[in-house]
Structures are given as C-alpha cells and as structure tokens.
Amino acid sequence: MSDNALLTVKGLKKYFPIRGGIFSKVVAQVQAVDDVGFYLNKGENLGLVGESGCGKTTTGRMIMGLLVPTAGEVVFDGKVIFEPETGKIRVDRRDIQIIFQDPYASLNPRMTVEDIVGEPLIIHGIARGKEKTERVVKLLDTVGLPPGYKDRYPHEFSGGQRQRIGIARALALNPKLIVCDEPVSALDVSIQAQVINLLEDLQAEFGFSYLFIAHDLSVIKHISDRVAVMYLGKIVEMAETDVLFRNPLHPYTEALLSAVPVPDPTLRRERIILEGDVPSPINPPSGCRFRTRCPYVMQVCGEQAPPLEDIEDGHYAACFLRY
C-alpha cells in the first residue's frame, strides 16, 4: 500500500442473497465481489477493468456508500467509512461523487439543468438563489456548456452534452474523489474522446482522484495511471498502466490485451481465444477462479486460491505461474 493513499480498500466483499421456497429462505448467494483490495493515491487515476459482470460497478457503488458491503474495510482520507462490526457506512458525500454510466437515465427529466447541477449545493447548504445560479453557470462553463443551457431540460441535449451535465453535477461540491462508472461507454467514439479529454483537463485543474471503471482497454490505457484487472469478483492483476500493457503477468490480462484493436492494418496480433464461458458467481470454481478457462492451468490451481502478491516493484498478480 501507499503512504499517499486517499482511498484504501481491504478484503471488500459483497454477496447478494438468493431466496426461494415458501418462506423465502436464503438458498444461495451471488458472490459479486470477493476479497478485493487496492489503494488509490491523491491526484491519481486508477482504472478498474474487466468484462461485464466481474464486479467493477458493485465495487464502485460500495465505495460511494450506495451499497453496504458484506465484509471488508474501506478507508477514505484517513477515515474508516465502513464499519463491518456495525454495518454502518459513514461517507462524506461532499468528498466522494459519481459519474454514472447512462447519461439518459441518470438525469431527472422533470428538472432543469440548473436544478440538477444546483441540487447538491442546496442539500449541503452551500448556496441558494442567485448565488446558486451563479455557481451553476460557472460549472457549466467549466465543462464547456453555454450558460443559457441552465434553463433547459435533459431531453433537449445529446448524449455527450448530458454526460457533461452529469460531470458538472459531480464537480459541484469540489470532491476529492470521483467514481467514473463507465462514463463514456454509452457515447459515440468521437464524443468519447471529448469527454475523456475533459476529464483529464478537469483533473489537472482541480487535482482530484478518479476511480475509472471501464471495459474498454483503449480508454483505460489513455486515461489511467495504474490499472487493476478484475475477474469474477477478484482482482487478478494490478500495475502501472505502461507496465501492465507492456508485460502482463496474468493469463486473463494477456487474453484481454490480445483483443484490443490495433490501428494499423499491416500489424498482426496473435489473438488469445479463451475456451468456455465465465463461471457463475453463485458457484465459482474452487482455487483460482480463472482456472476453468486458463491455458496454463496446473493441479495447484484447483486446490488453492493464488494470493494477489507484489511480483516486481508494485506489479501485483494472482497467479501460481509467477511464484
């Protein structure tokens, strides 16, 4: 872990119960997130990547306090925000904000832009009336929208403009950490570039940290300082972005990187095709969760779960091949 960490997560778990029968007893559990740990430094951008259903969004929502963890420890800016003994979450909403994935569903269609962006200012008693309007206009200008847009409704905007409104809302309280839950996945490619560049400019200007959740490795490579790779509820590899893309240590990361398109028709990349389907999080495989699809599987992989260990200078991997 780091001495400069803004956010520290240890042993984070989230199990969703499945109920059945006449009395709705718990018959099984979905192990959405299982023993996840990482740190995020001040002013840093940590990319959290993995295929759909691996637990990325659930992890982000637990850090936000939108979901109560089943177990684990979350420390933000030196303060414990989740107490496993009592199950209580104590999050300072002013310091942690979120940009949602869907810019069409995350904005209230009955509220004007001024109401949407200004609502956090009212809730936290920061500004009202004329002062609130002035702050909203300034926030819109910060994200590249004209001040006249404050009186319009969400349906009058494009997807990229709506996401900028969502970003303005996240900036309203001047947070220390912003959780970006796949903020560009619903946008056109050209608009994606604009939003990503905007996020980078805002980080350079205000100095906050990002937890950037995505499944697009090209986006992650462009915007992240470090990358954590998740598979079936666990982090299997974590390293600085350049190091991970140059020298992946986990077979799953190798397979993900082999699928990234190369913008050069003369170059040929050997694609690694994983066999089988992703196992169910209700009944995950014993030992290493990736072993049912791993081309290098060994006997020990089914007997023990490989720990996430520092293999070389901050490059973490959970794979018996590397020990």
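A residue counts as buried when its relative accessible area is under 20%. I start there because the word buried, meaning under 20% relative accessible area, comes up several times in this talk. Please also keep in mind that the model is predicted.

Let me begin with the salt bridges. The structure holds ten of them, and I will go through some. As a general point, side chains of opposite charge can pair when their charged atoms come close.

Take Asp34 and Arg289. Their side chains meet in a salt bridge, at 2.5 Å from N to O. Asp34 sits in strand β2, residues 25-41, while Arg289 is in the loop between α8 (251-258) and α9 (299-303), so this pair ties together parts that lie 255 residues apart in sequence. Are these two buried or exposed? Both Asp34 and Arg289 are buried.

Next come Arg226 and Glu44. Here the side chains form a salt bridge at 2.6 Å, N to O. This pair also links distant parts of the chain: Arg226 belongs to strand β10, residues 226-231, and Glu44 to the loop between β2 and β3 (45-49), 182 residues apart. Arg226 is buried, and Glu44 is buried as well.

Then there is the salt bridge between Asp77 and Lys176, with an N to O distance of 2.5 Å. Asp77 lies in the loop between β4 (71-76) and β5 (79-83), and Lys176 lies in the loop between α4 and β8 (177-181), so the bridge ties together parts 99 residues apart in sequence.

Which residues are linked in a network of salt bridges? They are Glu114, Lys132, Lys150 and Asp151.

Now to a pair of helices. Helix α2 covers residues 113-123 and helix α4 covers residues 159-171; their axes come within 7 Å and cross at roughly 25 degrees. Angles under 35 degrees count as roughly parallel, so α2 is roughly parallel to α4. The crossing of these two helices is right-handed.

Which residues make the contact? From α2 they are Val113, Ile116, Val117 and Pro120, and from α4 they are Ile165, Ala168 and Arg169. By class, the contact between α2 and α4 has six nonpolar residues, no polar ones and one charged.

Definitions and conventions: Residues numbered from 1 in each chain as written. Predicted model: local features only at pLDDT ≥ 70, side-chain atom pairs only at ≥ 80, totals over all residues. Heavy atoms only, no water. Axes fitted to C-alpha atoms, helices over the stretch in contact; angles between N-to-C directions. Helix = DSSP H or I, 4+ residues; strand = E, 2+ residues; numbered from the N terminus. Parallel < 35°, antiparallel > 145°, perpendicular 65-115°, else oblique. Left-handed = near helix turned anticlockwise from the far one by under 90°. Contact = heavy atoms within 4.5 Å. Nonpolar A, V, L, I, M, F, W, Y, C, P; charged D, E, K, R; others polar. Salt bridge = Lys/Arg side-chain N within 4 Å of Asp/Glu carboxyl O. Buried < 20%, exposed > 50% of the residue type's maximum accessible area, 1.4 Å probe, protein only.
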